[in-house]
Amino acid sequence: MPASVKGGIALRKALRKFSPDLAKALPKEVGAALKPITKAAKGYLPDDGQVLSGWLARPNSQSRFPAYNARLVKSGIGYKTTPSKPNRRGFRSLARVFNKTAAGAIYETMGRKTSSSRFVQNQTAKYASSMKGDDKMEGRALFRAYEENNGKAREAVLKAIQGAADKLNAKARV
Amino acid sequence: MANVFIDIAAEFTGDKAFRKAENSTDKLMKSVKKLAKTLGVAYGSQQILAFGKASIKAAAADQKAQQQLALALNNVGLGRDAATSEAYIQQLQSEFGIVDDKLRPAYQTLAVATRDTAKTQKLLNLSLDISASTGKDLETVTAALSKAYLGNNTALSKLGVGISKADLKAGKFDDIVSQLSTTFAGSATAAANTFQGSIDKLGVASANVKEIIGTGLIDALTTLGKDNTIGDLAKDMENTATYLADVIRGIGVLGDKLKATPIIGQVFGNLNVGMIPIVGSYLQLLREAGKQAPIQKSSDNQHLKSLESQFKVSSKIVNNTKKLTAEELKALKAKQLQTAIDKANAALGTASSVFDMDKIQIAAALTSQAEQLGKATSSSQQLQIANDTARLRVKQDILALEDAIASKDEASITAATNKLNTDLKVLSVLTGQNVKLADIKSILDSLKPADLINQANLDAALAKIKEMLDLLAKANLASTTKPATSASLGSGIPKGDFVVPVSMKDALAASTDALIEYADAAAARANAFADLLDLQNAADLAALQQSSIYSNSGALQSFRQAESATINIYANTIANPDELTGLIQDTIIRLNKRGDYLTTAGSL
């Protein structure tokens with residue numbers, strides 16, 4: 001569950017308007033807090049040689065199953081500090097880490113429901129980092145890194161937002 | 001689609017459903033408003049209310065415009081002609097079908113330029129003719145004529161009035177005006193007599209009707225409200241309009257019914273409300289009452305007449321003000337003289353300060369400091385001189401402030417106070433630096449090595465020891481009871497008593513039994529003496545405890561009381577066990593990798 005923040009978007013707008021320096025510093029600070037997660041998550045991803053050979057991209061392949069390319073999958077893990085569009089429940093994300101490639105997502109979550117499938121068993125036999133997390137937050141790369149981060153990133157993000165708000169308020173008083 | 005992400009922080013901005021509901025509500029509100037507008041057309045009372053409001057607004061605007069013109073005329077010295085001018089404008093309005101809202105600014109422009117009522121009216125007439133003939137608006141023409149009156153003919157040439165630039169440059173304004181009058185004579189009258197002119201006149205009449213009704217409404221509502229609060233007035237306006245609308249609607253219904261009646265309809269074919277039985281008589285009564293009521297007609301220009309009277313009063317005020325100004329000038333001159341005297345006194349005070357001993361001493365000290373500053377070689381000396389100088393300046397400032405207070409001059413007191421504060425700040429800064437230097441000096445002194453053999457220190461130490469010994473001796477002398485001895489306590493050991501050893505000769509001569517008996521006796525005696533020695537020690541200890549030495553020596557007493565001494569040695573932890581293990585491991589690894597002069601690399 002993400003931490004619910006009130007006035008985060010308004011704070012961004014106010015910072016841009018009244019304190020451009022702080023507006024630039026806040027995403028950097030948030031990014032610095034999220035980077036350890038993405039870095040660790042990239043480390044948990046297998047290289048091309050560690051995945052099933054049939055999962056790798058093959059020339060002239062007609063397969064629609066997403067091929068694994070370690071470079072692309074690793075570059076698909078990142079973070080975002082700009083507010084997202086509201087989701088179905090009306091929440092807008094202020095800071096987010098993601099694993100956006102299809103192959104990365106497959107590696108992340110494979111075996112959650114179909115642990116006995118041939119693909120999962122063979123890939124696990126060849127290479128697979130251990131799954132960590134609970135329910136929908138269970139995974140091998142990003143979710144694992146987030147789980148092992150023990151909420152440090154979340155605390156740092158909230159601290160950065162609160163700090164920026166305090167500084168802005170202090171400026172406003174002066 | 002892959003959708004693996006973690007939101008670290010999020011903000012609730014509202015559900016889509018809420019936004020949809022909001023948009024739907026907005027749309028509904030707009031529809032309701034449109035419906036209300038459509039229905040509003042059917043409501044006669046609303047229209048009448050709107051007309052009433054517009055009438056009141058028009059009447060208020062008309063009054064405001066009249067007052068503005070009157071004020072402008074007053075400012076250029078034509079205040080006495082305000083009523084005449086307004087009457088003239090009303091006349092032009094009805095004659096040429098031009099609304100007074102256009103005539104007043106034109107009249108004002110010309111009046112400001114000419115500052116003459118007759119010339120203004122003549123030029124306004126000419127402007128109307130030119131405007132009607134050329135099709136230019138009245139404002140442009142009057143602006144051009146007013147500029148031409150003041151000597152700038154450029155705007156006039158742009159009007160296209162048929163006069164060349166050379167003629168405009170060469171000719172006098174009066175000649176130009178007469179030429180223009182000839183050229184455009186009767187244009188305005190001719191235009192007014194056309195069909196468009198008639199329509200314009202009707203438009204002017206309609207505007208006047210609105211203003212007249214508005215004036216009447218204001219009077220009526222003010223009377224109805226019985227007080228001057230806007231809230232009551234607005235409420236009464238709405239109530240009256242609703243009531244009036246109902247009445248008008250009722251009259252309409254009544255007239256319609258009368259027309260439908262066969263005989264009456266023929267009699268009252270051309271219906272006049274005054275002719276309606278009973279209702280007509282009531283309306284006649286109302287009209288008479290309204291006529292007798294104190295109404296304010298726009299044509300009466302009552303407020304302008306009051307302005308004229310005000311103008312006369314204001315002339316008197318101006319005369320009085322002139323007199324007052326002359327008196328003020330006298331007062332000002334007297335004040336200036338007093339200021340000059342005060343300045344002279346201050347100068348005298350300055351001169352007397354030359355002989356002030358305090359000031360002389362400070363000046364001398366400052367001079368001396370300046371000389372010393374030239375001779376200073378180190379920064380600390382310079383700092384000291386600066387410090388002294390700052391102190392002298394503070395003293396000087398205090399004297400200056402005292403003088404200023406004595407002179408009771410606020411400006412000089414403020415200046416002296418400010419200078420004193422500034423110098424105090426400087427002094428505080430310098431003092432701070434001085435303290436820092438002193439700190440540094442003490443630190444440096446502490447760093448100096450102490451002398452290992454210092455005769456003075458030794459002498460002092462010996463003197464101290466001697467003093468302590470003297471004190472101890474005095475303490476012993478001061479003790480009234482002499483310290484107990486073994487003799488006094490009665491240990492029983494006779495002085496010089498001991499067993500004489502058996503000589504070799506006697507031992508060889510004596511028998512074995514005798515020797516054994518002698519040895520036994522000697523051992524028994526020795527044991528007895530040992531017991532006596534123990535007693536002696538106990539007695540000595542008791543004597544020591546009773547003596548003043550024992551009681552004066554805290555260390556001895558505590559040692560005695562403790563019976564036994566326990567010595568604890570505290571050694572700090574060398575390292576955390578884990579750290580120690582780690583260190584050892586690291587050392588072994590390092591030795592294995594690199595080796596040292598005892599161990600070759602890789603040998604472990």
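Analyst: Two strands pair if DSSP finds at least two bridges between them, with strands taken as DSSP runs (E, at least two residues) and helices as runs of H or I of at least four, both numbered from the N terminus. Keep in mind that this is a predicted model, where local features need pLDDT of at least 70 and side-chain atom pairs count only at pLDDT 80 or more, while totals for chains, interfaces and linings use all residues. Residues are numbered from 1 along each chain as its sequence is written, and chains are lettered from A and ligands numbered from 1 in the order in which they are written.

User: OK, what makes β3(A) and β1(B) a pair?

Analyst: Eight bridges join them, in the antiparallel sense, and the rule asks for at least two, so they pair. One residue couple to look at is Ala95(A), which stands opposite Ala9(B) in β1(B).

User: And how do you know that β1(A) and β1(B) pair?

Analyst: Those two have two bridges, running parallel. The cut-off is at least two, so that count passes. Ser4(A) has Ala10(B) as its bridge partner in β1(B).

User: Why do β1 and β2 of chain A stand at the edges of the sheet?

Analyst: The sheet is open and has four strands, in the order β1(A)-β1(B)-β3(A)-β2(A), with mixed pairing. β1 and β2 (77-80) of chain A each have a single partner strand, so one side of each has no neighbour in the sheet. For β2(A), the antiparallel partner is β3(A), through four bridges. Along that pairing, Gly78(A) is bridged to Phe98(A), and Tyr79(A) faces Val97(A).

User: What makes β3(A) mostly covered?

Analyst: Seven of its nine residues are buried. The label goes by C-beta atoms placed from the backbone: 20 or more others within 10 Å means buried, 12 or fewer exposed, and anything in between partly exposed. Chain B has 25 helices and one strand.

User: Which element gives the most to the side of chain A that touches chain B?

Analyst: First the totals: 34 residues of chain A and 14 of chain B are in the contact, with two residues in contact if their C-beta atoms, placed from the backbone, lie within 7 Å. β3(A) gives the most on the chain A side, nine residues. Elements supplying at least two residues there include α1 (8-18), α4 (102-109) and α7 (152-173) of chain A. By class, that side has 19 nonpolar, eight polar and seven charged residues (nonpolar is Ala, Val, Leu, Ile, Met, Phe, Trp, Tyr, Cys and Pro; charged is Asp, Glu, Lys and Arg; the others, Gly among them, are polar).

User: Why is α2(A) called oblique to α6(A)?

Analyst: The axes of α2 (residues 20-44) and α6 (residues 142-149) of chain A come within 8 Å and cross at roughly 130°. That angle makes α2(A) oblique to α6(A). The classes are under 35 degrees for roughly parallel, over 145 for roughly antiparallel, 65 to 115 for roughly perpendicular, and oblique for the rest. Pro36(A), Ile37(A) and Tyr44(A) of α2(A) are among the residues making the contact, along with Leu142(A) and Tyr146(A) of α6(A). Eight nonpolar, one polar and two charged residues make up that contact.

User: How does Arg115(B) count, with 13 C-beta neighbours inside 10 Å?

Analyst: With those 13 neighbours, Arg115(B) counts as partly exposed. Arg115(B) is also a non-glycine with a positive phi, about 60°, and lies in the loop between α4 (100-114) and α5 (117-134) of chain B.

User: Last one: what makes Lys169(B) exposed?

Analyst: A neighbour count of 9 inside 10 Å, so exposed is the label for Lys169(B). Lys169(B) belongs to helix α8 (residues 165-170) of chain B. From Lys169(B) to Asn153(B) is 16 residues in sequence and 7.3 Å in space, C-alpha to C-alpha.

Definitions and conventions
Axes are lines fitted to C-alpha atoms, for helices over the stretch in contact, and angles run from 0 to 180 degrees between N-to-C directions.
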